[in-house]
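User: I'd like to go through this model and ask what lies behind each label. Could you take me through it?

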Amino acid sequence: MDNELPSEFDLIVVGTGLTESIISAAASRIGKSVLHIDSNDYYGEQWASFNFKSLHNCTFSNNIKKHTENSSDLLNFNNDSFNIRNFSAEWHVPEKIGIYCKNDDSKNRQIESVINDSLKLEENNENSVFLREEILNNSRKFNIDLMPKLHFARGDFIELLISSNIARYAEYKSVSRILTWLNNQIEAVPCSRSDVFANNKVSVIEKRILMKLLSLVDKNDNTTGKYTILWGNLQWYNSYFLDSKDKTFLEFLKSKKLTTNLIHFVLYAISQGTDSTSCIDGMANTKRFLNSLGRFGKTPFLFSMYGSGETTQAFCRLSAVFGGIFALNQPIAGLKLDNNRVTSLLNGSQEIKAEHFVLNIEKAPVELVNNLKVTDYISRAVLITNRSIMPSEQEHLTLLIYPPEDKGNSVTLIEMGHLTGTCPQNFYLVHLITKQQSNPKDDFKHVVANLFESNYTHLQVDGKPNMLWACYFSIPNTSDLKLNDNDHLNVHLCDGPDLDLDYDYTVKKAKDIFQRIYPDIEFLPRAPDPDEIIFGEEEQSKLNDVCISETPPK
Amino acid sequence: MAKTYDYLFKLLLIGDSGVGKTCVLFRFSEDAFNTTFISTIGIDFKIRTIDLDGKKIKLQIWDTAGQERFRTITTAYYRGAMGIMLVYDITNEKSFENIKNWIRNIEENASADVEKMLLGNKCELEEKRQVSRERGEQLAIEYGIKFIETSAKASIRVEEAFFTLARDIKTKMEKKLKEASNPPKGGHQLRASEPQKKPTSWLSRCTLL
Ligand SMILES: Nc1nc2c(ncn2[C@@H]2O[C@H](COP(=O)(O)OP(=O)(O)O)[C@@H](O)[C@H]2O)c(=O)[nH]1
Ligand SMILES: [Mg+2]
């Protein structure tokens with residue numbers, strides 16, 4: 001095996017976060033030679049998914065040693081100001097609490113009952129295991145996202161996956177229900193017509209008002225952008241919108257005589273807004289939600305199976321298929337300057353030249369981000385529980401929007417079971433996301449208290465699910481920083497994950513950087529399917545005009 | 001579209017760079033050996049449908065896309081794989097020693113019950129042989145898997161290798177079908193041919209309001 005990297009490329013991509021990976025794929029796709037390199041030994045940076053043990057023990061350093069030779073012509077990657085911080089993990093069950101498993105085939109264990117007396121457990125039952133051990137032994141079955149994302153079924157990200165043919169590297173699962181916290185309890189959000197009808201918490205009059213509003217938004221249907229919605233249908237605009245354009249969405253909904261419950265569903269859950277969201281944004285978001293209904297499932301959202309970390313890897317795979325060279329766990333040190341121009345990457349003692357450099361924010365040399373300071377953080381929590389927050393016969397993939405409380409921010413909760421490929425059977429994985437206000441633990445305190453049982457006395461068989469394990473951390477929100485305002489025009493910085501539920505904004509940013517480097521070249525044109533590549537004379541002509549016939553298995 | 005096969009198996013090729021994985025894949029899928037194009041066009045996966053005991057089996061065989069070179073195979077590569085060909089080069093001792101590492105890698109990333117098979121490729125190069133057949137056999141026995149020496153270049157036993165792996169998966173699968181199991185399932189495969197129907201209108205089928 002040859003271990004030496006080539007010494008010259010068109011593009012060097014440092015870091016394997018989503019934005020960089022999209023750029024890497026796009027550049028390889030058009031025939032550029034790409035080196036994609038990372039100091040970590042895993043893909044994904046702050047977009048990665050970890051198994052249980054690696055998350056539990058994670059230190060979130062960026063694995064870069066400061067280069068000792070303090071030379072002035074080296075921009076050092078060693079910079080920890082954009083790393084994940086405040087990580088803490090805690091067990092919420094005693095070490096020796098056991099469960100009795102009905103079926104001793106280890107794959108299909110049914111947790112039958114809980115044995116409180118650990119002594120009894122040890123004596124009598126070979127089919128019993130300790131709960132903590134059960135989680136640890138199944139570590140690999142967990143794929144825990146640092147930053148879980150959902151995708152609008154008709155959003156830019158899904159369209160890109162399909163149009164570029166990258167969709168073949170991943171599988172998606174529909175979010176099967178949307179819930180919210182209303183009047184101190186969990187309520188299902190009606191998000192399709194049939195949901196509205198079926199909902200017995202909504203009166204007939206409310207149904208009529210809601211349908212009228214939603215069909216209004218829907219009617220105006222050949223416009224999509226945030227602002228074009230205003231002008232799409234003049235009549236509609238005049239009659240319903242003219243007096244509302246300076247209002248908040250909340251005021252608008254009130255003026256349309258929506259009741260408190262309906263306002264809650266539309267404002268917080270469907271449009272994912274707050275009391276101060278403008279009417280324009282609220283309408284656009286509502287429309288976006290409705291537009292994505294009915295394509296793949298009951299809700300507008302898809303989730304990437306085995307975790308969001310798979311997504312970055314899908315782009316890396318495409319990059320590799322088109323010749324990109326990948327190297328992880330590398331001793332990258334920094335960028336070399338020659339006459340003030342960045343010319344090469346220093347990897348160990350090897351210098352590798354390139355025309356352009358794309359860097360993940362965590363690798364940003366201090367010199368390039370001098371005047372940038374992270375002020376915003378994303379609060380994150382991950383819980384492992386023993387049952388769903390709203391058990392039902394089938395296993396659900398759930399999105400719950402917890403509305404703002406006491407001047408706080410709204411909290412997004414995503415609950416997933418083993419059918420998503422992110423946790424073992426008999427457990428649920430719960431992700432909490434919000435804009436950080438004080439610290440992750442405090443930011444989620446009310447949500448955790450209302451939805452979960454965190455003090456172990458016994459395992460709940462009904463009522464709130466037990467929180468068995470939890471971790472908290474903060475991700476710097478770099479999406480609003482002006483990253484590329486520096487003198488080095490051939491160095492391009494990519495930000496980390498943002499607070500959006502989806503990836504659409506990230507796709508836009510990746511595309512912007514790609515087009516800055518390679519103006520006027522198509523961004524991720526459709527990759528041919530393997531059987532379209534015919535070897536021999538007709539090779540070239542075959543690549544373009546074909547229909548899809550083969551797709552990977554379920 | 002009518003289904004033209006009874007089973008679909010996802011297979012992977014794994015092993016050091018240069019052992020001939022891509023050539024083995026080409027020999028099996030195109031019955032060709034051409035070394036010029038391979039480095040220029042990345043190979044994603046290849047498809048061949050075979051007949052096995054009266055069943056049509058569609059084999060979808062994925063190549064590493066060169067990501068084995070610096071051991072950067074994505075975890076996503078292993079998802080859903082039902083069979084893995086572990087390939088070494090009989091003229092390269094190191095590639096044989098590394099099989100252990102690749103098996104460890106598989107154990108970390110692939111499903112626990114994935115069917116594996118060991119291939120010693122380039123077997124027509126007898127004069128340059130560094131790894132004896134016996135050592136290959138011995139290693140396979142150690143891991144409880146099957147072993148075949150192949151040559152993509154001279155077209156020796158490549159067919160036999162894939163048919164053997166496919167048959168073992170089929171047997172295992174048919175046995176499993178009898179027992180009920182419950183793996184993660186039901187994900188969407190997104191594709192352009194997905195019906196691009198308009199969003200279900202809130203009004204389109206509204207009769208009541
Ligand atoms: N003599 C001989 N050479 C082979 C055979 N299979 C592959 N090769 C050569 O080995 C080299 C690497 O092959 P390739 O398929 O690219 O290996 P990969 O990196 O494992 O995909 C190429 O030069 C091939 O021509 C074989 O069966 N016999
Ligand atoms: Mg190859």
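This is a predicted model: local features need pLDDT of at least 70, side-chain atom pairs count only at pLDDT 80 or more; totals for chains, interfaces and linings use all residues.

User: Let's begin with the overall picture. What does chain A contain, in helices and strands?

Analyst: Chain A has 17 helices and 24 strands. Of its 554 residues, 60% are buried. Its accessible surface is about 22,500 Å², and carbon and sulfur atoms account for 45% of that. Take contacts between residues at least 6 apart in sequence: 73% of them join residues at least 24 apart.

User: Now the eight-stranded sheet in chain A. Why are β5 and β13 said to stand at the edges?

Analyst: The order is β5-β23-β19-β22-β21-β20-β12-β13 in chain A, an open sheet with mixed pairing. β5(A), residues 85-91, and β13(A), residues 185-188, each have a single partner strand, so one side of each has no neighbour in the sheet. Neighbouring strands here are turned by 20° against each other on average, ignoring direction.

User: How do you know that β19 and β23 of chain A pair?

Analyst: Pairing takes at least two bridges. β19(A), residues 377-385, and β23(A), residues 467-476, are joined by nine bridges in the antiparallel sense, so they count as paired. One spot to look at is V382(A), which stands opposite C471(A) in β23(A).

User: And which strands of that sheet does helix α11 of chain A touch?

Analyst: Helix α11(A), residues 260-270, packs on the sheet and touches β12(A) (177-182), β13(A) and β20(A) (398-402). The directions of α11(A) and β12(A) make about 120°.

User: There's a three-stranded sheet in chain A too. How do you know that β10 and β14 pair in it?

Analyst: That open sheet has the order β10-β14-β11 in chain A, with antiparallel pairing. Its edge strands are β10(A) (151-152) and β11(A) (172-174), each pairing on one side only. Two bridges join β10(A) to β14(A), residues 301-304. The cut-off is at least two bridges, so this pair meets it. F152(A) has F301(A) in β14(A) as its bridge partner.

User: On to chain B. How many bridges join β2 and β3 there?

Analyst: β2(B), residues 45-52, and β3(B), residues 55-62, run antiparallel and are paired over eight bridges. F45(B) has W62(B) in β3(B) as its bridge partner. Their hairpin has two residues between the strands, and D53(B) takes a positive phi near 45°.

User: Last one: why is D168 of chain B called buried?

Analyst: Its relative accessible area is 18%. Buried means under 20%, so D168(B) qualifies. D168(B) belongs to helix α6(B), residues 158-178. Leaving out residues up to four places away in sequence, D168(B) touches E115(B) and K146(B).

Technical notes. Residues are numbered from 1 along each chain as its sequence is written. Chains are lettered from A and ligands numbered from 1 in the order in which they are written. Side-chain values use heavy atoms; hydrogens and water are left out. Helices (H or I, at least four residues) and strands (E, at least two) are DSSP runs, numbered from the N terminus. Axes are lines fitted to C-alpha atoms, for helices over the stretch in contact, and angles run from 0 to 180 degrees between N-to-C directions. Contact means heavy atoms within 4.5 Å. Buried means under 20% relative accessible area, exposed over 50%, partly exposed in between (1.4 Å probe, protein chains only). Accessible areas come from the Shrake-Rupley method with a 1.4 Å probe; for residues, only the protein chains shown count as cover.
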